[in-house]
Amino acid sequence: MPGFPSSAKQLAHLRVLGCLLWAAGLSLPLALGAEQLSFDTAQDWSRWQLPLGAVQVTPEGIVQPVKVRKNVDAVADAAFFGGGIRKAGSDAPDAALVMDGDLSTGWSPNPNDPVEDWFLEVDLGRGVSANKVTLVFAAEAPPFQLFDLLLSTGEPQTDNIAAPIPGTLVYRIEERYKENDQREVTFVPAHPDDTPIQYLRIENFKHIPGARLVEVQVESIGDNVALNLLQRGGNMDVVADLANTAESVPLSNVLALVDGDLYQRWAYGRASRGQNDIDAHIIIDLGAVYWLDLTRIIGGVVVRSGWGGGITTNHYVSRRRWGFRYYEFMTSDGSLSPDGTRIWTKHFAGIANSEESSRGLVDHHFDLIPARYVRIFWKYWDTSCFSVVTLGEDGSSSVVPGCAAGGATDEIQIFGQGFPREATIRSPLIDLKDIRNLNSLEWQANAPPGTRVEIRTRTGNEVVEKFTFYDKDSKEVTQKKWEKLIPSFRGPIDTSLAAGSDWSPWSKIYGFSGEAFQSPSPRRYLELDLRLASDSPESAASLDYVKLNFTPPLARSTVGEINPVEVEPGVSKGFSYFLRSRQTQINGFDRLSLETSAPVRFTAAYLESEPIDATAEANDKGFQLTFPKAVRSDQLVEVRFESSIFLQSTLFELFLEDSRQGPGLRQRVDPGDATDQVESSTNVVRLPVTRDLFAALDLSPRVITPNGDGINDQAVAAVSLLNVLEPRPLRLRVYDLSGHLLRMVEQAGKAGQQRLAWDGRDDRDHLVPPGVYIIELGIEGDAGAKTTRRLVSVAY
């Protein structure tokens with residue numbers, strides 16, 4: 001690592017991230033020459049990048065999406081978020097029984113303890129937007145008769161200088177129950193300020209023999225998909241001045257927006273005031289595409305010193321605050337517009353109404369919509385409002401343009417329903433320990449109608465190290481800043497591995513289990529990208545296993561190139577494909593397969609410039625060529641064939657095969673410099689740049705005599721279609737000279753040779769009178785529409 005500081009070197013080995021190559025963890029079977037790499041256990045999948053919360057792995061090793069729920073009990077999973085019993089003044093060992101989901105167990109204070117100790121506190125582990133709180137008492141005994149239920153946002157008590165006192169709580173919501181005889185008591189927030197909450201406290205004041213609190217339940221709005229954002233595979237981007245990207249706020253500073261802590265606040269950025277508006281935004285990447293219908297922006301619901309004095313009241317509207325003036329709220333599923341920018345759906349633009357902003361939070365409801373990104377755009381500095389500045393003792397004042405429009409926020413909660421529309425998991429870089437020929441990919445999935453499992457791959461032979469630097473507070477910093485820190489302020493350095501410059505792009509999506517491997521091979525390293533997709537929130541696909549089949553390569557490297565690389569469209573042309581292999585197996589290889597979308601006809605083969613009697617067998621993709629003897633290292637092979645090109649950038653793929661090792665073994669030939677006889681280094685043939693969709697149009701005969709004698713009874717239009725990737729309607733229309741449409745003939749057409757015929761009849765199947773007629777040929781192609789016209793005569 002040239003130029004790397006020695007002190008950094010000493011620390012770098014202390015933290016090496018999860019891009020340790022996967023095969024290194026399974027070196028034993030690979031070292032024994034196994035021909036299949038399998039991912040089918042929970043331990044296997046644990047090494048992948050999983051958007052936890054969007055997908056889960058069952059103990060049986062099945063990867064499946066997680067359903068986002070409405071109206072869930074926030075107590076049931078409080079432990080997952082670090083919650084539990086915060087404190088119990090009496091009978092502490094049994095306190096946790098009120099959170100275990102078991103109605104046969106519970107808690108009651110010891111009557112021998114002081115009454116002031118007859119309490120317990122429940123920590124939900126995160127801020128919860130609660131619909132209701134339910135206390136369930138034992139069915140076989142009377143309930144608590146006199147008790148208080150108290151709720152807290154997590155606000156701490158403060159000392160005489162308004163500093164928060166660690167470990168303390170203020171409960172501003174209090175509900176007293178007197179002469180209670182109900183075994184299930186439900187508190188429904190009647191005031192907007194009664195939620196969100198994080199802590200509950202139950203204080204009992206009267207001993208009732210046998211009475212027990214068996215469960216505490218808190219029904220929340222639903223699963224908040226913004227919680228644990230990084231573990232979900234998500235991210236955040238906060239910029240305090242969009243005109244100055246240097247104002248981007250470090251990720252570690254803004255995670256407070258989605259950490260579930262209502263007291264931890266994200267404050268303004270450092271954008272400077274001025275004579276122009278300053279725009280800012282928050283973009284939350286949820287890590288998967290969910291079905292969303294509600295976002296709650298919590299501007300400030302926790303009382304802090306300096307906000308509203310020191311008076312404690314049950315409902316404290318004046319203490320809550322809203323951090324935005326003008327703002328816009330929008331979502332996106334990640335789709336891009338033609339210019340490459342993200343497409344957003346705007347749900348709100350304006351100023352929050354006074355009722356909502358006085359609550360300190362604003363809800364944005366919308367119809368269920370797929371979304372991965374949530375964006376809040378706002379004016380940090382707004383020149384449309386004015387500040388009055390008092391000058392001097394005489395009371396004179398001046399009007400100064402501009403005002404701080406806000407942006408300080410406590411929390412953002414995002415809710416939805418159903419299975420994710422799209423969740424992606426990605427393998428670590430997989431090291432096969434040596435160059436391997438990747439043959440095929442198998443998987444087993446359960447994909448109900450409307451769902452699918454999409455798999456892509458990429459490969460390479462190089463990996464590079466990446467270093468991430470942190471200070472002592474685990475804040476990410478640049479290497480330059482890390483080097484300037486004194487040793488006691490330096491944090492660890494994470495070392496990770498990333499794909500090198502020779503890696504291929506992601507392959508096309510695999511169509512079926514067992515399909516031939518789509519990425520360049522042979523290679524040493526590979527990566528898999530798996531996507532679980534669904535068109536409905538009510539259904540989801542799951543994945544049981546993925547298996548990769550590979551063998552030792554027929555040759556460690558093989559390059560090929562085609563000549564010529566540019567031809568006229570639709571014209572039959574002779575081609576030569578040269579290839580050269582290096583470090584072949586001892587027995588070499590004796591077959592080649594050429595695959596392309598264009599029509600091909602084999603003409604000859606040469607080995608070291610000498611003709612060789614190879615046998616060609618045509619198939620629907622091209623042809624397979626079998627040599628009478630094996631091809632070995634460094635021998636130059638030339639395959640000659642004829643073809644007509646109809647698509648721009650037509651690909652000709654060549655594969656090595658060996659008849660002695662079975663039909664499943666094939667190795668893709670990489671494009672490259674195989675010989676100095678040509679200067680190509682590619683396997684792609686291009687057409688001259690043109691927008692034409694037609695080439696080589698021939699209408700014959702120009703005079704037809706449709707009398708049924710079999711001679712010149714119809715006019716045949718033969719045309720070469722260019723750059724039409726998918727079948728499109730190809731239409732032949734016949735007009736008389738006054739422009740009246742007499743007949744239309746239609747068929748599906750795509751790139752290649754097409755033929756349409758007119759038999760001299762109109763749409764009523766009557767023969768047209770003798771004369772001159774206009775034939776128009778037209779198609780709607782991928783790059784636009786095209787029509788062309790010719791004249792034809794009819795005679796009897």
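The model is predicted, so local features need pLDDT of at least 70 and side-chain atom pairs count only at pLDDT 80 or more, while totals for chains, interfaces and linings use all residues. Residues are numbered from 1 along each chain as its sequence is written, and side-chain values use heavy atoms, with hydrogens and water left out.

D223 is found in the loop that joins β12 (213-220) to β13 (235-239); strands are DSSP runs of E of at least two residues, numbered from the N terminus. With a relative accessibility of 14%, D223 is buried (under 20% relative accessible area, with exposed over 50% and partly exposed in between, for a 1.4 Å probe and protein chains only). Leaving aside residues up to four places away in sequence, D223 touches K67, V68, R69, V72, I414 and F415, where contact means heavy atoms within 4.5 Å. A polar atom of the D223 side chain lies 2.8 Å from the backbone nitrogen of R69.

Aromatic rings form another theme. The structure contains 21 aromatic pairs (rings of Phe, Tyr and Trp, the last by its six-membered ring, with centres within 6.5 Å; planes under 30 degrees apart are stacked, over 60 edge-to-face and the rest tilted). The pair F80 and F81 is edge-to-face, because the ring centres are 5.1 Å apart and the planes stand at 90°. F80 is exposed at 63% relative accessible area, whereas F81 is partly exposed at 21%. Elsewhere, ring pairs join W107, F137, F144, F147 and Y177 into a cluster.

Note on methods. Helix = DSSP H or I, 4+ residues; strand = E, 2+ residues; numbered from the N terminus. Polar contact = N/O pair within 3.5 Å; in protein donor to acceptor, adjacent residues only side chain to side chain.
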